[in-house]
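Welcome! Please take a moment to look over the sequence and the 3D view, and then we can walk through them together, topic by topic.

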Amino acid sequence: MQNNSRSKNLQNAKPKKNGRQRTGKFLFSGLILSLFLLVTAATVYAYYLKIPSEFWEEMIPIPEGNKINVSIESGMTASQAARAFEIQGALEKGTPVQLARWFIKFGIDKKIRAGHYSVVPSDAWNLARQLRTAKPALLKAQILPGLDIFALTDSLENQDKQITRQKFAEALMRDDNYPPAMREFLSELPDDEYTRYVFLMPETYMLVERTADEIINAASSAWWKHWSEFINLHSFTAKDLQDASVIASMIEREVLHDTECRTVSGVIQNRLKKNMLLQIDATVVYAWRLKGRKLTRVLNKDLEVESPYNTYRVTGLPPRPICVPGIEAWGAALDPESNDFYYYVAGKDGYHYFAKNYKDHLRNIKQARSEK
């Protein structure tokens with residue numbers, strides 16, 4: 001009985017671990033811990049000592065979360081851009097100096113462009129990582145040819161509610177919104193927004209900020225860049241440009257097909273030289289516009305409106321432009337065609353019949369009406 005009990009106890013007893021087994025397990029655990037500490041240390045080393053590595057780029061994902069928009073202005077240096085990210089709440093940890101260093105390490109300092117960047121607020125390293133592939137978004141602002149100052153303001157306000165009639169008028173009168181060379185002749189023109197708004201190039205602009213100041217700055221710069229060489233070559237005075245702006249605005253509203261712009265400009269010049277009434281319907285429409293009435297068609301009774309813009313009753317040019325001229329209209333006003341025409345009437349297709357005398361003009365009117 002004793003032997004059986006001893007045998008059973010021996011069977012139930014667990015084998016004791018020897019010293020070699022315990023040492024091996026301890027070494028394995030130590031190795032795992034060492035590897036973990038090594039990875040942690042390397043991560044901290046890469047993160048805090050600013051050593052970029054494709055390995056760590058893959059190991060540590062870019063933060064996700066709610067994004068904010070940060071506006072970067074044109075011409076900013078890496079330091080200025082880094083400061084802008086901090087001020088606008090995108091840099092949560094670290095300093096602008098650290099962020100600027102990351103810009104340099106990643107080559108962002110030479111690539112960063114003006115615009116709006118959508119980023120997740122984070123530390124300097126992760127913010128710079130986002131900006132390596134981020135593309136700036138710009139805001140669109142459009143100026144259409146043929147719009148009078150009221151329609152232009154309405155159009156811009158529809159694009160951005162912050163651009164009110166008052167803000168646009170005030171921005172038009174700020175000289176620093178125009179190229180320095182433009183300011184010289186602007187200072188000699190009538191001091192009002194009705195004179196200045198025509199010196200904006202009709203175009204679609206992509207802007208960092210869609211404000212009245214930015215739009216006028218971009219559009220006036222585009223206008224001056226396009227026309228400055230021609231203006232300087234022909235030594236146009238401020239008065240020449242003012243007259244051209246009025247003529248260009250009338251051409252813009254009168255002419256449907258660009259190929260006729262210079263011809264119509266020649267007719268206007270011919271009539272001015274002979275002190276004839278210009279008799280341009282578009283000026284009558286504008287005269288009524290100033291009185292709060294919108295015309296879609298000019299009737300004989302409408303020609304009696306009392307206004308300096310009524311070219312059926314007042315000789316010479318209207319006192320101000322009636323709309324924003326396009327490139328073709330400006331070109332025609334600055335360089336009119338030399339011709340002997342004094343009259344024109346539009347046909348059904350929008351092209352005009354031109355005449356040198358009133359008799360031929362009456363014949364053309366009859367021809368134009370027969371087409372309708």
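## A first look at the model

This is a predicted model, and its protein chain has an average pLDDT of 87, with 84% of the residues scoring at least 70. Keep that confidence score in mind as you read on. The protein chain has 372 residues, and its secondary structure comprises 16 helices and eight strands.

**Confidence along the chain**

- Residues 5-14 are a stretch to treat with care: pLDDT stays under 50 there.
- For residues 5-14, the model also shows zero contacts beyond four places in sequence.

**The chain as a whole**

- Among the 372 residues of the protein chain, 41% count as buried.
- If you take the contacts in the protein chain with a separation of 6 or more, 63% of them join residues 24 or more positions apart.

- You can find His-361 in helix H16, which covers residues 358-370.
- Is His-361 buried or exposed? His-361 counts as buried because its relative accessibility is 10%, and the cut-off for buried is under 20%.
- Which residues does His-361 touch, leaving aside its neighbours within four places in sequence? Its contacts are Tyr-343, Tyr-344, Val-345 and Ala-355.

**The largest pocket**

- The volume of the largest pocket is about 1,500 Å³.
- Its lining is made up of 42 residues, and those that lie nearest the centre are Glu-254, Gln-279, Asp-281, Val-298 and Tyr-312.
- Which elements give two or more residues to this lining? They are helix H12 (238-254), helix H13 (261-273), helix H14 (281-290), strand S7 (343-346) and H16.
- Sorted by class, the lining of the largest pocket has 23 nonpolar, 12 charged and seven polar residues.

**The second largest pocket**

- The second largest pocket has about 200 Å³ of volume.
- Residues that line the second largest pocket include Phe-106, Gly-107, Ile-108, Lys-111, Ile-112 and Arg-113.
- Also in the lining of the second largest pocket are Tyr-117, Leu-131, Arg-132, Ala-134, Lys-135 and Pro-136.
- By class, seven residues of this lining are nonpolar, four are charged and one is polar.

Note on methods: Residues are numbered from 1 along each chain as its sequence is written. This is a predicted model: local features need pLDDT of at least 70, side-chain atom pairs count only at pLDDT 80 or more; totals for chains, interfaces and linings use all residues. Side-chain values use heavy atoms; hydrogens and water are left out. Helices (H or I, at least four residues) and strands (E, at least two) are DSSP runs, numbered from the N terminus. Buried means under 20% relative accessible area, exposed over 50%, partly exposed in between (1.4 Å probe, protein chains only). Contact means heavy atoms within 4.5 Å. pLDDT is the predictor's confidence in each residue, from 0 to 100. On a 1 Å grid over the protein atoms alone, a cavity is a set of points where a 1.4 Å probe fits but cannot get out, and a pocket is an open set with protein on both sides within 12 Å along at least five of seven lines; lining residues have an atom within 4 Å of a point. Grid points are joined across faces, edges and corners, and a volume is the space filled by probe spheres set on the points. Ala, Val, Leu, Ile, Met, Phe, Trp, Tyr, Cys and Pro count as nonpolar, Asp, Glu, Lys and Arg as charged, and the others, Gly among them, as polar.
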